Amino acid sequence: YIGGSCPNIACLPSKNIIHSAKVASYFQRGGEFGIVHDGFTVDMSGVRDRKRKMVSGLNEMYMENYKTTGAELIFGTGRFIAPRVVEIALPDGTTRRMRGTNVIVSTGTRAALEAIPGLAEAQPLTHIEALELDRLPEHLLIIGGGYVGVEFAQAMRRFGSKVSLIDRNHRLMSREDEDVCDAVRGLLDDEGIDILLGAQVKRISGRSGDSVSAFVDQNGAHKILEGSHLLVAAGRTPNTGGLGLELAGVELTTRGYIKVNERLQTTAPGVWAIGEVAGSPQFTHISIDDFRVVHSNLTGGNRVTTGRQVPYCLFTDPELARIGLSESEAKAQGIAYRLFKVPMESNLRARTLSETRGFLKSLVEIDGDRILGFTAFGAGAGEVMASVQVAMTAGLPYTALRDAVLTHPTLVEGLIPLFSSPASLRQPTATAVT
């Protein structure tokens with residue numbers, strides 16, 4: 001996986017397939033745009049091949065980068081055998097030992113498999129195998145209602161699969177504000193996805209790809225879901241096993257991630273950790289920033305991870321994007337705020353696209369004009385969020401966006417009606433302060 005998980009088995013290939021699903025949705029909505037057709041079929045091998053072509057091109061690009069920089073790329077399995085000494089098992093059966101002034105661990109995470117009876121034996125799909133499907137699942141069962149589960153649920157449903165999504169929480173995307181959770185739930189409901197919330201999977205039988213059954217408890221009732229394929233998307237596990245970390249003096253956290261300080265130094269001198277294995281937020285853009293933190297500290301700087309912005313985007317259609325404080329976080333921290341909120345139908349560009357589902361909202365401080373947070377659920381949400389993030393980074397007041405002359409008609413222009421709308425004041429409750 002040259003270039004890491006993102007271009008090979010995660011972010012980019014999944015967005016590639018999600019876009020193919022978007023094209024399929026346009027076929028389904030053809031009449032709405034005045035396009036008449038006699039139906040269509042989805043060739044999953046063709047969807048997969050488009051993804052593979054993109055990944056192959058990215059691999060070539062990264063390989064060329066290694067050649068250009070002169071960095072030595074070694075294929076093999078590495079593990080510590082002493083402080084800052086790594087032994088590498090090479091593909092030809094030989095080993096090689098290397099000692100570094102500095103060693104950086106960036107082994108990432110993998111999909112977690114819970115200790116559910118029959119789950120491992122069912123050989124379920126993770127995001128890796130789901131991106132390699134060459135035939136459409138007749139009925140896809142998904143365990144987990146987070147990023148991966150929700151994105152795949154919508155994509156596979158649009159391709160034509162029947163989809164059932166199971167989540168232990170009582171709301172989809174349960175860490176988000178209630179209006180966001182309701183909006184995502186409504187989206188999946190409207191697309192015909194069967195959703196079981198507050199549900200515990202007790203047992204799995206059968207085998208994914210053939211016939212599989214999930215035995216579920218929900219609100220005291222016992223249910224059996226039968227499908228053709230099973231996708232597990234219920235959290236991540238750090239890849240720390242077999243690395244010999246204890247021989248290098250590298251300690252783990254109680255959750256199993258590598259213990260680091262704000263400079264991403266481990267407990268062992270000269271050993272650093274970056275990305276998900278270091279417990280950083282599980283986004284490629286954060287892993288890239290982790291690199292910048294370590295690079296700065298190795299070259300005389302003193303960059304830290306504390307206080308940085310962590311934007312994120314859920315690539316459903318429409319997208320969900322957020323930066324800064326959510327309402328639930330502000331309430332939990334006892335922070336008063338002004339709330340600006342408008343529906344996406346107030347955005348004229350969204351109307352031209354017939355993509356008016358969703359809303360924009362932003363939190364602004366009570367006693368000033370500083371933007372505390374922004375959430376968008378709608379077309380182009382990730383791109384619109386970036387404009388707000390730049391303003392937050394520059395310390396601009398919300399009025400700078402409200403009074404800006406933005407190109408018409410664009411989605412980002414929707415920030416003008418957002419910040420021109422009447423704001424409601426939200427004071428922290430005594431419970432929240434406590």
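Trainee: What should I keep in mind about the numbering and the model?
Mentor: Residues are numbered from 1 along each chain as its sequence is written. The model is predicted, so local features need pLDDT of at least 70 and side-chain atom pairs count only at pLDDT 80 or more, while totals for chains, interfaces and linings use all residues, and side-chain values use heavy atoms, with hydrogens and water left out.

Trainee: How do you know that the length of helix H5 agrees with its number of residues?
Mentor: Helices (H or I, at least four residues) and strands (E, at least two) are DSSP runs, numbered from the N terminus, and the expected span of a helix is 1.5 Å times one less than its number of residues. H5 covers residues 147-159, so its 13 residues should span 18 Å, and the 19 Å between its end C-alpha atoms agrees with that. After H5 comes Gly160, which has a positive phi, near 125°.

Trainee: Why is H5 called largely enclosed by the rest of the structure?
Mentor: A residue is buried under 20% relative accessible area, exposed over 50% and partly exposed in between, with a 1.4 Å probe and protein chains only. Ten of the 13 residues in H5 are buried, and therefore the helix is largely enclosed; among them are Val150, Phe152, Met156 and Phe159.

Trainee: What makes the pair of Phe340 and Phe419 edge-to-face?
Mentor: Rings of Phe, Tyr and Trp (its six-membered ring) pair if their centres lie within 6.5 Å, and planes under 30 degrees apart count as stacked, over 60 as edge-to-face and the rest as tilted. That rule gives nine aromatic pairs. In the pair of Phe340 and Phe419 the centres are 5.8 Å apart and the planes stand at 65°, so the pair is edge-to-face. The two residues are 79 residues apart in the chain, Phe340 in strand E17 and Phe419 in helix H13.

Trainee: Why do Phe340 and Phe419 count as buried?
Mentor: Phe340 has 2% relative accessibility, so it counts as buried, and Phe419, with a relative accessible area of 1%, is buried because of that value.

Trainee: How do you know that the pair of Phe359 and Phe377 is tilted?
Mentor: Phe359 and Phe377 lie 6.4 Å centre to centre with 55° between the planes, and the pair is tilted. Phe359 belongs to strand E18 and Phe377 to strand E19, 18 residues apart.

Trainee: What makes Lys341 count as lying over the face of Phe359?
Mentor: A charge sits over a ring if NZ of Lys or CZ of Arg is within 6 Å of the ring centre and within 35 degrees of the ring normal. Lys341 lies over the face of Phe359, at 4.4 Å from the ring centre.
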